[in-house]
Amino acid sequence: MDRNLRNASLLVVILALGWRASATSTVAAAASVAQAREYAAANKDAFSRQLLDLASIASISALPQHNKDILKAADWLQQHLTSIGLENVQVLETEGPQPVVYADWLHAPGKPTVLVYGHYDVQPVDPLDLWASPPFEPQLQQMDDQSYFVGRGVDDDKGGLLQALQGVESFLRTSHSLPLNVKFILEGQEEIGSPNLEAFLIKHKAGLLAGIDMAISADGGQVAADQPGIGTGLRGAVAFEVEVSTAGMDLHSGMKGGSVQNANHALVALLASLKDADNRITVPGFYDDVATMAAEDKESVATFPFDKSAEQQALGVLGFMGEAGFGPLEHRWYRPTLEVVGMWGGFTGAGMKTVIPRVANAKLSCRLVPNMSPDDIASKVKSHLERKGAELLANVTVTVSGFRSYPWTSPRDTPGNVLSAGVLEQAMGKKPVYYRDGGTIPALAYFQQVLGLNSTIFAFGVGDHIHAPNERLLEHLFHTGRKAWVEYLAVLGDKLVGLLPPDAPVHAGSGVGRDEL
Ligand SMILES: *[C@@H]1O[C@H](CO)[C@@H](O)[C@H](O)[C@H]1NC(C)=O
Ligand SMILES: *[C@@H]1O[C@H](CO)[C@@H](O)[C@H](O)[C@H]1NC(C)=O
């Protein structure tokens with residue numbers, strides 16, 4: 001009896017101490033979020049300067065003459081990540097000339113570990129004469145009655161990755177801790193299709209990239225400045241170069257004309273053979289693996305704010321086209337494409353030359369939807385082109401380019417999406433819609449395939465002139481994004497652990513507190 005009593009009172013003391021400890025840590029966590037919020041709101045100018053600084057580096061991954069700028073951007077990030085208090089900062093080689101910048105902070109035992117993804121490379125800037133200001137002299141400008149950051153990369157993705165880093169900085173500079181564990185990978189190859197990322201992930205899977213519970217992409221964006229969205233899918237891609245050759249030399253169009261094949265004509269016939277009159281791609285088996293739209297997909301299309309005539313005017317197109325039964329959004333989100341992105345051949349100089357060209361070229365690219373695979377489509381397109389070429393008396397050489405990516409989809413209700421929905425609604429004043437994007441972020445499919453991770457896209461640009469002259473980002477969205485990252489990190493620290501599946505690393509005890517091992 002006595003012993004029981006003593007045990008009971010001991011239990012009460014233990015419980016009380018435990019309660020006090022957890023109450024104290026809850027109070028401390030709330031205080032650190034409040035400090036982070038304050039810091040994120042108070043240092044606008046310094047945060048803007050970071051963007052103007054990073055976006056002034058011409059880190060174009062597609063052009064080898066900019067490799068030194070790629071390294072300069074990686075170096076800028078290495079210094080910056082260290083200065084804001086992230087740890088284990090490293091510039092890690094890939095099999096290409098563009099390294100991955102890695103950093104982490106792992107001192108929140110019992111809390112989940114998130115992988116934050118972004119990219120520091122940018123698209124080329126041509127045509128240069130269409131820029132209102134030099135692409136690598138980023139600046140704040142008034143345009144259309146609003147204040148914008150203008151310059152290559154201000155949105156895609158230097159603005160995006162800095163918003164994530166600034167959320168982290170707001171915690172680390174104030175309470176010197178984060179509400180959860182983070183690992184960053186910032187890559188330099190996204191704009192060329194992340195050709196070496198898969199190998200990089202495989203290499204580091206059991207080491208630096210072990211024990212992660214979910215991924216967050218700081219690349220992506222919002223539906224509109226006043227309409228948040230949760231992205232649930234991206235298309236994949238595969239691309240080709242095609243060379244058609246029809247003779248051992250250019251031939252006289254009079255002496256030989258009409259009796260031999262012309263490479264330009266063969267190329268045009270070859271390309272025309274890729275689609276029928278109803279805009280269906282005729283490559284045998286092309287649609288074999290295309291997933292049909294589910295009820296939820298139809299709802300996404302129906303609820304998405306899309307004004308067809310405003311869009312037609314904005315794009316300057318003469319109308320919309322496509323397969324019967326699919327509107328513009330269905331095409332962009334749920335149907336694959338095969339596009340001719342460039343073609344050349346024969347005599348293109350001034351004046352006239354009476355010649356039958358022996359060689360002509362084209363570049364093609366496909367966007368892929370679930371459950372298509374880039375390698376399968378590459379082999380189907382290649383054999384179609386080669387077979388048609390033989391019928392046309394042309395040798396056809398097809399080279400698959402490095403731009404190759406799997407499509408990615410995500411259920412609406414992943415833990416990361418559920419928690420981001422509340423943060424987005426609070427930050428942007430409206431409930432988010434669920435939507436897909438016709439574009440491609442190769443990393444997200446690799447996170448799924450190689451690391452087994454769900455990804456949530458958490459980014460705040462609206463894709464304004466990205467990849468084009470005058471890329472711009474609304475100034476207020478840049479600042480909204482940082483504040484939303486503070487909230488998202490806090491809510492993930494608070495609630496994610498309860499939403500993760502039982503076999504998640506955090507539950508297995510391998511996700512956190514490795515500094516204690
Ligand atoms: C076409 O390919 C064949 C077989 O490789 C080769 O012998 C021939 O020279 C090629 N002709 C042209 C015009 O490319
Ligand atoms: C990914 O999200 C799905 C849908 O919510 C969930 O069933 C699954 O457990 C999640 N996987 C991980 C590893 O968190």
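**Helix packing, ligands and backbone**

Biologist: Is the crossing of α5 and α12 left-handed or right-handed?

Modeller: The model is predicted: local features need pLDDT of at least 70 and side-chain atom pairs pLDDT 80 or more, while totals for chains, interfaces and linings use all residues. Residues are numbered from 1 along each chain as its sequence is written, chains are lettered from A and ligands numbered from 1 in written order, and side-chain values use heavy atoms, without hydrogens or water. Right-handed means that the near helix is turned clockwise from the far one by less than a right angle, left-handed anticlockwise. The crossing of α5 and α12 is right-handed.

Biologist: At roughly what angle do the axes of α5 and α12 cross?

Modeller: Helices are DSSP runs of H or I with at least four residues, strands are E runs of at least two, and both are numbered from the N terminus. An axis is a line fitted to C-alpha atoms over the stretch in contact, with angles from 0 to 180 degrees between N-to-C directions. The axes of α5 (residues 197-204) and α12 (residues 442-451) come within 10 Å of each other and cross at roughly 35°.

Biologist: Which residues of α5 make the contact with α12?

Modeller: Contact means heavy atoms within 4.5 Å. From α12 come A443, Y446, F447, V450 and L451. An α-helix has 3.6 residues a turn, so residues three or four places apart point the same way. On the α5 side the residues are L197, E198, L201 and I202.

Biologist: How many residues of that contact are charged?

Modeller: Ala, Val, Leu, Ile, Met, Phe, Trp, Tyr, Cys and Pro count as nonpolar, Asp, Glu, Lys and Arg as charged, and the others, Gly among them, as polar. The contact of α5 with α12 has 8 nonpolar residues and no polar ones, and its charged residues number 1.

Biologist: Which side chain has an N or O atom 2.3 Å from an oxygen atom of ligand 1?

Modeller: S245, T246, A247 and N395 surround ligand 1 (heavy atoms within 4 Å). They divide into 1 nonpolar, 3 polar and no charged. The side chain of S245 has an N or O atom 2.6 Å from a ligand oxygen. At 2.3 Å, the side chain is that of N395.

Biologist: Which side chain has an N or O atom 2.3 Å from an oxygen atom of ligand 2?

Modeller: Around ligand 2 are P411, D413, T414, G452, N454 and P501, divided into 2 nonpolar, 3 polar and 1 charged. D413 places a backbone N or O atom 3.0 Å from a ligand oxygen. The 2.3 Å distance belongs to the side chain of N454.

Biologist: Which residue joins D126 through a cis peptide bond?

Modeller: The bond has omega of about 0°.

Biologist: To which residue does the cis peptide bond from P370 run?

Modeller: Omega is again near 0°. The residue in question is found in the loop between β13 (359-368) and α10 (374-391). The bond from P370 runs to N371.

Biologist: What is phi of D144 near?

Modeller: D144 is in the loop between β4 and β5 (146-150). Its phi is positive in a residue other than glycine, near 45°.

Technical notes
Polar contact = N/O pair within 3.5 Å; in protein donor to acceptor, adjacent residues only side chain to side chain.
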